[in-house]
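Subject: Structure handover

Hi,

Here is the structure you asked for. My notes follow below it.

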Amino acid sequence: LAGRDRAANRAMAAPLARLLLLLALGRPAISGAQATEGAAAAPHRRFEYKYSFKGPHLVQADGTVPFWVHTGNAIPSADQIRITTSLKSQKGSVWTKNKSVFEYWEVEVTFRVTGRGRIGADGLAIWFTEEQGLEGPVFGAADKWNGVGIFFDSFDNDAKKNNPGVIVVGNNGKLLYDHQNDGSTQALASCQRDFRNKPYPVRVKITYYQKTLTVLINNGFTPDKEDYEFCAKVEDMVLPSQGYFGVSAATGGLADDHDVLSFLTFQLTEPGKEAPTPDAEIPQKDKEKYQEEFEHFQQELDKKKEEFQREHPDVQGQPADDVFETVSDRELRQIFEGQNRIHLEIKQLNRQLDMILDEQRKYVSAVTEEMAKRGAGFPGQQGQVSHQEIETVVKTQEEVIRQVKEIRSSVTDALRSISGAQHAGPAGRDIEHLVQRNAPSSEKQKCPELPPFPSCLSTTHFFIFVAVQTVLFIGYVMYR
């Protein structure tokens, strides 16, 4: 037993000795310093709304996207921009109107590429270039660009079975894109990812910081917005200090829908450097332009106020509470209008019931007289129809009349209760005060007259029904 204990102690002492040796060498302290240095080196991140778009309410009334311009077959809507539809030979793009004024940046793009076929074409591209590539042969944008393009290529042109894929291609303004080889001869970095027909939108995060371009991608299998995985990285990459952001897409013989849901841009600032203030980003010419527009709108507003005062001189001396309707006044007005609506509808129903009652009485009288005449004119046939059957029919008609009277009385009671509720209690007084205040003093207050409402049973249909019933009854009596 003692030998076993000593062996166990030696086994436990070996890892402990290694841990003490690492502590003596100071490796944990070095790792902590590296972690602190890495955390301190994180750039300052600021959202740039003039280089971004996101739904809902993405499009203005004139069909444009604020701070962006779209060309070709691009179609902006309330919650996304459809760069190309799933039709053959389509090209479209969207670009920022202004150049960026920051050196380092990060963009987060959310998009969908959907199509009916197992294979799609051509693809989508995200750009940062010195000039706007509004239209051209490279995924709907211009060739020989100065900057970088991140291509989401759907179609396998070189038949190497490496598509769909993501390709990073840089250009100094002199190179022509190699379509036949899917840009493989010019690619600075790439990864193979299938981004078509995913259950969730695909997200890509592109970061350019300290001359290093990094591409992270979310494949669209999860709704988690931060579930990114590494795709590509390019070091020692020099891009223009100012440029335009853009998204383009194109279709060929095959076609996909290319939809961009959001494009979010962030400015990255190195630690220790202060980010430029918003005032410094606006040129002096733009400031003067915005000031002139503001003064113009202010003058237009003053003119509208003067016109309103001239057209409504009776409103000038009233306080704001009398001019504008409060929430409680609006609720009381809505209650008042609803009760008046019910009141008019019950009145109309009461009139229709009166008409039905009168018509029913007339038909009962006519049937009774007809039965009496037939009994007096054909004494030999009087025995064919018993007096009891005639009384049964008459009692049935009288029962119908009684039920109609009960309905009429209940409707009258409901009408009386509603009329009393309008003028009883504080709510009734508030409604009465509201109506008196809103109407001119010289006019007598009247309930608003609403258009008549259609009845479920018209008088014509009722007459037809009673006539058919009477004919059948007479025929039954005569030919029994």
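How many salt bridges does the count come to? The count comes to 12, where a salt bridge is a side-chain nitrogen of Lys or Arg within 4 Å of a carboxyl oxygen of Asp or Glu.

Before the details, two notes on the source. This is a predicted model, so local features need pLDDT of at least 70 and side-chain atom pairs count only at pLDDT 80 or more, while totals for chains, interfaces and linings use all residues. Residues are numbered from 1 along each chain as its sequence is written, and side-chain values use heavy atoms, with hydrogens and water left out.

Salt bridges

Start with Arg 82 and Asp 259. They form a salt bridge, with the closest N and O atoms 2.6 Å apart. Arg 82 lies in strand S4 (residues 81–84) and Asp 259 in strand S15, so the pair ties together parts that are 177 residues apart in sequence. Strands here are DSSP runs of E, at least two residues, and helices are runs of H or I, at least four; both are numbered from the N terminus. Asp 259 is buried, at 4% relative accessible area. Arg 82 is partly exposed, at 26%. For these labels, buried means under 20% relative accessible area, exposed over 50%, and partly exposed in between (1.4 Å probe, protein chains only).

Next, Arg 196 and Asp 256. Their salt bridge has its closest N and O atoms 2.8 Å apart. Arg 196 sits in the loop between strand S10 (187–191) and strand S11 (202–209), and Asp 256 in the loop between S14 and S15, so this pair ties together parts 60 residues apart in sequence. Arg 196 is buried at 6%. Asp 256 is buried at 0%.

Glu 235 also forms a salt bridge, with Lys 233, and there the closest N and O atoms are 3.8 Å apart. Glu 235 is exposed at 54%. Lys 233 is partly exposed at 43%.

Salt bridges link Arg 45, Glu 106, Glu 108 and Lys 205.

Buried residues in strands

Is Ser 248 buried or exposed? Ser 248 counts as buried, at 0% relative accessibility. Strand S14 (residues 244–250) holds this serine. The side chain of Ser 248 makes a polar contact of 2.8 Å with that of Trp 127. A polar contact is a pair of N or O atoms within 3.5 Å; within protein, one must be able to donate a hydrogen and the other to accept it, and residues adjacent in sequence count only if both atoms are side-chain atoms.

Phe 263 is in strand S15 (residues 257–269). Phe 263 is buried, at 0%. Between Phe 263 and Phe 53 there are 210 residues in sequence, yet C-alpha to C-alpha they are 5.3 Å apart in space.

Surface patches

Patches are made of residues with over 30% relative accessible area and no salt bridge; like charges are joined within 9 Å, and nonpolar side chains (Val, Leu, Ile, Met, Phe, Trp, Tyr) within 5 Å. Areas come from the Shrake-Rupley method with a 1.4 Å probe; for residues, only the protein chains shown count as cover.

Glu 300, Asp 302, Glu 306, Glu 307 and Glu 311 form a negative patch. Asp and Glu count as negative, Lys and Arg as positive; His and the chain ends are not counted. Asp 302 is in helix H4 (residues 284–311). Asp 302 is partly exposed at 32%.

Ile 464, Val 468 and Leu 472 form a nonpolar patch, with about 300 Å² of accessible area together. Val 468 lies in helix H9 (residues 459–478) and is partly exposed at 46%.

Best wishes

Definitions and conventions: Charge placed at Lys NZ, Arg CZ, Asp CG, Glu CD.
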